[in-house]
Amino acid sequence: MNNHFLILGSNVNVNDALGDYSLTLVDTLDTLAIMGNASEFMRAVQLTVDNVSFSGPCTTVQVFEATIRILGSLLSAHLLIKDSDKPFGSLTPTGYTNELLSLANDLGARLLPAFENSATGLPHPRVNLCYGVPEGELMETCTAGAGTLTLEFTLLSRLLGDPVYENAARRAVRTLWDHRHRHTGLVGNVINIQTGQWVGRMGGLGAGIDSYYEYLLKSNILFGEREDLEMFYEMYASIMKYLRRGRRCQDVFKDVGNGGSPMFVNVDYASGKQLNYWMDSLSASFAGLQVLAGDLEEAICTHALHYSIWRRYEALPERFDWQQKSPNVRFYPLRPELVESTYFLYQATQNPFYLHVGGHILESLNRHTKARCGYTTLHDVVSKTQEDRMESFFLSETCKYLYLLFDTDNEVNKNSLKYIFTTEGHLIKLDPSLRHNVWEEFKFPRTTDGCYGRCEGDRAVAKTDQSFVSHSCTPHSALRKYALPLSRERLGEIEAMVGLYGNQQT
């Protein structure tokens, strides 16, 4: 049970993430199932049913965090229990009568007021679970906060047969899409929910915007909505055109071509001009998204850059200045993004290099973050000083992806085309029934190639004028499977770029 709220009562940045609703207990339910601990899963479900309530105390929460951490986990655990195939064994607690779904519905109803009194349909960033939007609440939200609700809200709608949640989330996504820049096709990172004006003009891959791209693609895979796929690939083409720097990844593999090491930069969303010289740790997830989109070679390059930073510090600083070759925000809160991308690259390539990467990350975590009870945030990746804090996503994502990386016989790995992960790492089984809603007759069927939208990327990409994107669902060559992902020379260039050589401690 999460008691940090009682200790940290005045720390809003902590409390509106924790929520005072047993965050870690709920957020990690499906982790227990995936790791094969059915008895602890059922015990945790019963603890949730018996102890979790959203009716009091009247906490103010972030809509985004409550959705991805709590709502998503409740729905994932409910679906695992109700899966008649029982791929993880019997997970049904005695007398279970859809209590997790009822809790999800209760939470969803308490989050819906975030969409009220918004001229654009974009949600307010915070709500009080008893009273709705707090008085004086900011009228600005980040792109990810407004655009990363579709999986959980649509899933809730389709399980309940009630369109209200899906309609609210989809309207927000369409609003963001409609406000992309007419020339670059990019979106900014902070928007006014009343005027639709971009308050934050930065277009990038990291904090405040990352999962917006992710949910465009994953929403198509899970629900079959064609417009989501088209929006994703059009946005992806804009990203590759305006944010991408350095030589082509195809040329990197061949050791030819001109230009620096491949990377993505932060730009002004309207002009495409570079704004700064830093990248943040959340952008490490983009390689995993590129794998899902079928752009495997680009994913390998993206991952190599972030792993080189990990090799230097044995952690990922929250923000790294690649011009100064040093972190300018030094803490590491046990984030999962690099592990996530490592897992997906191993699944796509079966290259044992990524097992080595996972082993290195695991060793680093045990060396620098292990505490007497659990694991701890690094306050400074250089000095390795620690903070008394372990985010719930460490158990729901970081540990889960590390476990799955090495558990080759896990159900998730043996039948990977049957599952998708939410942005918080919650497991959802792909089910044709979820690609249909009872309030519309038209639906997009599963593709005949069995990819649930993943291979459709080839056809969508063909509509774009974007030469970087490689074809999805094509086999990875045996030579590449056992060789280093990049040549030693090209890896050396990336390592030098982040200051890995010379043992610099800044």
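**Before you start**

Residues are numbered from 1 along each chain as its sequence is written. Because the model is predicted, local features need pLDDT of at least 70 and side-chain atom pairs count only at pLDDT 80 or more, while totals for chains, interfaces and linings use all residues; side-chain values use heavy atoms, with hydrogens and water left out.

**Stop 1**

Side chains of opposite charge can pair when their charged atoms come close. A salt bridge here is a side-chain nitrogen of Lys or Arg within 4 Å of a carboxyl oxygen of Asp or Glu. The whole structure holds 25 salt bridges.

Select Asp85 and Lys429. Their side chains form a salt bridge, 3.0 Å from N to O. This pair links distant parts of the chain, 344 residues apart. Asp85 is in the loop between helix H6 (63-82) and helix H7 (99-111). Lys429 is in strand S14 (residues 427-429). Helices (H or I, at least four residues) and strands (E, at least two) are DSSP runs, numbered from the N terminus.

Now show the surface. Asp85 is exposed, at 56% relative accessible area. Lys429 is partly exposed, at 23%. The cut-offs: buried is under 20% relative accessible area, exposed is over 50%, and partly exposed lies in between, with a 1.4 Å probe and protein chains only.

**Stop 2: Glu234 and Arg180**

Select Glu234 and Arg180 next. They meet in a salt bridge of 3.6 Å, N to O. Glu234 lies in helix H12 (residues 226-242), and Arg180 in the loop between helix H10 (164-178) and strand S4 (190-192), so the pair ties together parts 54 residues apart in sequence. Glu234 is partly exposed at 38%. Arg180 is partly exposed at 25%.

**Stop 3: Asp268 and Arg201**

Move to Asp268 and Arg201. The closest N and O atoms of this salt bridge are 2.8 Å apart. Asp268 sits in strand S9 (residues 267-268). Arg201 sits in the loop between strand S5 (198-200) and strand S6 (202-203), 67 residues from Asp268. Buried or exposed: which is Asp268? Asp268 counts as buried, at 10% relative accessibility. Arg201 is partly exposed, at 40%.

Then select Arg158, Glu166, Arg170, Glu225 and Asp228. Salt bridges with shared partners join these residues into one network.

**Stop 4: H12 and H14**

Show H12 with helix H14 (residues 286-293). Their axes come within 13 Å and cross at roughly 130°. Axes are lines fitted to C-alpha atoms, for helices over the stretch in contact, and angles run from 0 to 180 degrees between N-to-C directions. H12 and H14 are therefore oblique to each other. Angles under 35 degrees count as roughly parallel, over 145 as roughly antiparallel, 65 to 115 as roughly perpendicular, and the rest as oblique. The crossing is left-handed, with the near helix turned anticlockwise from the far one by less than a right angle.

Which residues of H12 and H14 meet? From H12 come Phe232, Tyr233, Tyr236, Ile239 and Met240. From H14 come Phe286, Leu289, Gln290 and Ala293. Contact means heavy atoms within 4.5 Å. By class, the contact of H12 with H14 has eight nonpolar, one polar and no charged residues. Nonpolar covers Ala, Val, Leu, Ile, Met, Phe, Trp, Tyr, Cys and Pro; charged covers Asp, Glu, Lys and Arg; polar covers the others, Gly among them.
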